[in-house]
Amino acid sequence: MKLSVLDQAPISRGDTPEQTLANSLELAQWTEKWGYTRYWVAEHHNTNGLASSSPEILMTRLASVTNRIRIGSGGILLPQYSPYKIAENAKTMAAFFPDRIDLGVGRSPGGSALTRSALTDNQNKSLQEFPRQLADLHGFLNNSLPREHPFRLVKAGPRIENIPPLWVLGLSERGAKNAAELGLNFVFGHFINPDHGQEVLQAYYDAYQPATTGARPQSIVCIFVVCAETEQEAEELALTQDKWLLNVGKGADTKVPSAAEVRNKTFSAEELNQIKHNRRRCLIGTPDAIEQQLRRLQEVYQTDEFMVITNIHDFEAKKKSYQLLAKQLL
């Protein structure tokens, strides 16, 4: 089993955005040390609780302070941008850091309608264009646009040999088939929607069409994990993530609350039910317990790689969670 990291750069209560981004650099170095395969960063906008709003810049900085771990985006919001420009950014990063860059893209609108309008400079860009944009991005990366394409003579530079692999992030069979039909890699967001994941991954495997001879389907499943030496400690740490998820769901303050803040909070019956519902997106417990659950999910999803996201308040406890998991499984 391979393990990787998804970092949304969540800002813990009491920390500044500057400290949060510094923590991302430290966490990338830490997880590289413990044998993680990839370190990907998300893209979010118009929020006070997440510091990763420019993944390409953050990726370049992360790659500069690490040596082996693959650095990627999870994911760049393709519907808001030009596939040509995304391809050039990715190839530039890959020129600086050969064989270490992953390009992950998603169909998400990136926030509210107003936020999306700001991202697109008020241009009306339909999410229904995603399959076409994905095909264009793949074409610009590999210089393989069809002859009848209007931009066939436009080449994405720099013209490097080792093209960064393209990954498609998705939650549905539609997204899985978008990736499969182009022979691309696929990431399923169990941490967002744990329902019907088996069907989504199976749709990807069934529809996969190799883009080159010998290519095979590659998948990653992304999941929340909180790991600690005891069940009690893991539960206490996870409460800060529970409250954060509640706040995100309400569109409220999205900074990760402290343990003291959560201990002093009285949850309503509705909130407790929502926490229970959200826990389906998470694995929480000791290294042994989490390994057993991951092994079961590995059989369900037929994947050999999990991408771990841990949005708890205590940064040192977050590092320890990744360490314990690595010592158990890598």
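How many cavities of 30 Å³ or more does the count come to? I found two. A cavity here is a set of points on a 1 Å grid over the protein atoms alone where a 1.4 Å probe fits but cannot get out, and lining residues have an atom within 4 Å of a point. Grid points are joined across faces, edges and corners, and a volume is the space filled by probe spheres set on the points.

**Entry 1: ground rules.** The model is predicted, so I note that local features need pLDDT of at least 70 and side-chain atom pairs count only at pLDDT 80 or more, while totals for chains, interfaces and linings use all residues. Residues are numbered from 1 along each chain as its sequence is written, and side-chain values use heavy atoms, with hydrogens and water left out.

**Entry 2: overall form.** I looked up the secondary structure and got twelve helices and ten strands. Helices (H or I, at least four residues) and strands (E, at least two) are DSSP runs, numbered from the N terminus. The radius of gyration is 20 Å, close to the 20 Å that the globule rule gives for 330 residues, so the protein is as compact as a globular protein of that length. That radius is taken over C-alpha atoms, and the globule rule is 2.2 Å times the number of residues to the power 0.38. Along the principal axes, the C-alpha atoms fill a box of roughly 65 × 40 × 35 Å.

Entry 3: The largest cavity holds about 110 Å³ of space. It has 14 lining residues, and Pro10, Thr20, Asn23, Phe315 and Lys318 are the closest to its centre. Helix 1 (17-33) and helix 12 (315-329) are the elements that give two or more residues to this lining. The largest share, four residues, is from helix 1. By class I noted six nonpolar, five polar and three charged residues in the lining of the largest cavity. Ala, Val, Leu, Ile, Met, Phe, Trp, Tyr, Cys and Pro count as nonpolar, Asp, Glu, Lys and Arg as charged, and the others, Gly among them, as polar.

The second largest cavity holds about 30 Å³. Among the residues that line it are Asp7, Gln8, Pro10, Lys318 and Tyr322. Strand 1 (2-7) and helix 12 each supply at least two residues of that lining, and strand 1 gives the most, with three. Its classes are five nonpolar, three polar and two charged.

**Entry 4: the pockets.** A pocket is an open set of points with protein on both sides within 12 Å along at least five of seven lines. I put the largest pocket at about 1,200 Å³. Its lining has 48 residues, and Gln8, His44, Ser108, Phe191 and Ile192 lie nearest its centre. Elements that each supply at least two of the lining residues include strand 5 (101-106), helix 6 (173-181) and strand 8 (219-227). Helix 8 gives the most, with four residues. The lining of the largest pocket divides into 23 nonpolar, 21 polar and four charged residues.

The second largest pocket has about 290 Å³ of space. I counted 16 lining residues, with His138, Pro165, Leu166, Gly183 and Leu184 nearest the centre. Helix 5 (residues 130-142) supplies the largest share, three residues. The classes in this lining are nine nonpolar, six polar and one charged.

**Entry 5: helix 8 against helix 10.** The axes of helix 8 and helix 10 (residues 269-278) come within 10 Å and cross at roughly 105°. Axes are lines fitted to C-alpha atoms, for helices over the stretch in contact, and angles run from 0 to 180 degrees between N-to-C directions. The two helices are therefore roughly perpendicular to each other, a term that covers 65 to 115 degrees. Asp242, Leu245, Leu246 and Lys250 of helix 8 make the contact with Glu271, Gln274, Ile275 and Asn278 of helix 10. Contact means heavy atoms within 4.5 Å. I sorted the contact residues into three nonpolar, two polar and three charged.

**Entry 6: backbone details.** Which residues does the cis peptide bond with omega of about 0° join? Gly157 and Pro158 are the pair. Gly157 lies in the loop between helix 5 and strand 6. Not counting residues up to four places away in sequence, Gly157 touches Glu88, Lys91 and Thr92. A cis peptide bond also joins Gly74 and Gly75, with omega about -5°. Gly75 is in the loop between strand 3 (70-73) and strand 4. Ala9 has a phi near 50°, a positive value in a residue other than glycine, and is found in the loop between strand 1 and helix 1.

Notes. Angles under 35 degrees count as roughly parallel, over 145 as roughly antiparallel, 65 to 115 as roughly perpendicular and the rest as oblique.
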